[in-house]
Amino acid sequence: MNKTIVATTSLAGCFGCHMSFLDIDEKILDLIELVEFNKSPINDIKEFTRMCDIGLIEGGCCNNENVHVLRNFRAHCKILVSVGECAIMGGLPALRNAIPLSECMAEAYLHGPSVAGNNENGIMPNDPELPVILDKVYPCHEIVRIDYHLPGCPPRADLIWQALVALVQGDPLKLPYELIKFD
Amino acid sequence: MGQKLTIEPITRVEGHGKVTIHLDDENNVVQSRLHIVEFRGFERFVQGRPYWEAPVLVQRLCGICPVSHHLAAAKAMDAIVGVEPEGLTPTGEKMRRLMHYGQIFQSHALHFFTWSVPICYLASMPVPNKGM
Ligand code: SF4
């Protein structure tokens, strides 16, 4: 049987969803029978080398680089899945959407207790290598079409596992209610 | 101006980073830079929330070491409600220590089994791997 090709990425997330995925523990041995990873932080492949069947997205979009990576995933993955609250609705980082970005930056680099008095010239990160921060944090489906959403912060390992197996086998996603959580 | 090599993303750290290595015309390294490319604004948006939310909010700083952030916020809560470190109950203190030891154990196992070992293994495979 040809293995299903899977790619994963972390955008404006905390890597918790990837960690939850790894919490499938010994099922990782079953996983490598079923799928082969392409671009993913798990195997450190940095660029797509082919079309993939399934893309798992952790995190929403908080900068232009996130948007670029997400569009690249859409172009290279037949099925795209938003994994976790950050991807689905911006998650915790989207709490900044009610606050002007300049205030958040000022707190982090000028006024916060660990920086106050140490940044007399008021320097903000401005290296041209840095991505441009967006005014708000955007959920993935506002940028590209997303085929499935797996809720949770993070979604349980078993939920990710069962969803992935169903997608690999082409079955409908019938995920047990007990496995789904929304926090 | 010489060449610039970019390693992005770096995947053996939590957080989102990239490394740029700047070369001169003779391909000598002029400068190597680590860029922390993510800004989320936790410093500001946790302000104004109910204080007891803080430990759960800051766990989301890092999915790899959430316990450290949880305990740091728990200490800040102690300070807010006026509990000195000596004022913690022995059970409370032990539970925090247990959580922290659990995290250290989990973190080492994670690093070894899912980060270091596969990368050594994968590095020998014919994939375009620029291993970090
Ligand atoms: S959904 Fe939760 S666990 Fe997943 S990346 Fe976001 S904050 Fe982390």
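Helices here are DSSP runs of H or I with at least four residues, strands are runs of E with at least two, and both are numbered from the N terminus. I worked on a predicted model, where local features need pLDDT of at least 70, side-chain atom pairs count only at pLDDT 80 or more, and totals for chains, interfaces and linings use all residues. Residues are numbered from 1 along each chain as its sequence is written, chains are lettered from A and ligands numbered from 1 in the order in which they are written, and side-chain values use heavy atoms, with hydrogens and water left out.

**Entry 1: salt bridges**

I took a salt bridge as a side-chain nitrogen of Lys or Arg within 4 Å of a carboxyl oxygen of Asp or Glu. My search of the whole structure gave 13 of them over all chains.

I looked up B:Glu93 and found a salt bridge to B:Arg97, with the closest N and O atoms 2.8 Å apart. Both residues sit in helix 4 (residues 90-122) of chain B, four residues apart, about one turn of the helix. For exposure I used relative accessible area: buried is under 20%, exposed is over 50%, and partly exposed lies in between (1.4 Å probe, protein chains only). B:Glu93 is partly exposed at 30%, and B:Arg97 is partly exposed at 44%.

I noted a second pair in chain B, B:Arg49 with B:Glu53, at 2.9 Å from N to O. B:Arg49 is partly exposed, with a relative accessible area of 33%.

Next I checked B:Arg44, whose side chain meets that of A:Glu103 in a salt bridge (3.0 Å, N to O). B:Arg44 lies in helix 1 (residues 42-45) of chain B and A:Glu103 in helix 5 (residues 101-111) of chain A, so this pair joins two chains. B:Arg44 is buried at 19%, whereas A:Glu103 is partly exposed at 35%.

In chain A I also recorded a network of salt bridges linking A:Arg74, A:Arg145 and A:Asp147.

**Entry 2: a negative patch**

I found a negative surface patch made up of A:Asp23, A:Asp25, A:Glu26, A:Asp30 and A:Glu33. Patch residues have over 30% relative accessible area and no salt bridge, and like charges are joined within 9 Å. A:Asp23 is in the loop between helix 1 (16-22) and helix 2 (28-34) of chain A, and it is partly exposed at 45% relative accessibility. A:Asp25 is in the loop between helix 1 and helix 2 of chain A, and it is partly exposed at 47%.

**Entry 3: backbone angles**

I came back to A:Asp25 for its phi, which is positive at about 50 degrees although the residue is not a glycine. I logged another positive phi in a residue other than glycine at A:Asp44, near 70 degrees. A:Asp44 lies in the loop between strand 2 (35-37) and strand 3 (52-58) of chain A and is buried, with a relative accessible area of 0%.

I then listed cis peptide bonds. One joins A:Cys153 and A:Pro154, with omega about -5 degrees; A:Pro154 is in the loop between strand 7 (148-150) and helix 6 (157-169) of chain A. In chain B, the bond from B:Glu8 to B:Pro9 is cis, with omega near -10 degrees, and B:Pro9 is in strand 1 (residues 4-10).

**Entry 4: domains of chain B**

I read the domain bounds from an automatic or database domain assignment. Chain B is divided into domain 1 (4-36) and domain 2 (42-121). Their centres, taken over C-alpha atoms, are 30 Å apart.

Technical notes. Patch = residues over 30% accessible without salt bridge, like charges linked within 9 Å, V, L, I, M, F, W, Y side chains within 5 Å. Areas by Shrake-Rupley, 256 points an atom, 1.4 Å probe, with all protein chains shown as cover. Lys, Arg positive; Asp, Glu negative; His and termini not counted. Charge placed at Lys NZ, Arg CZ, Asp CG, Glu CD.
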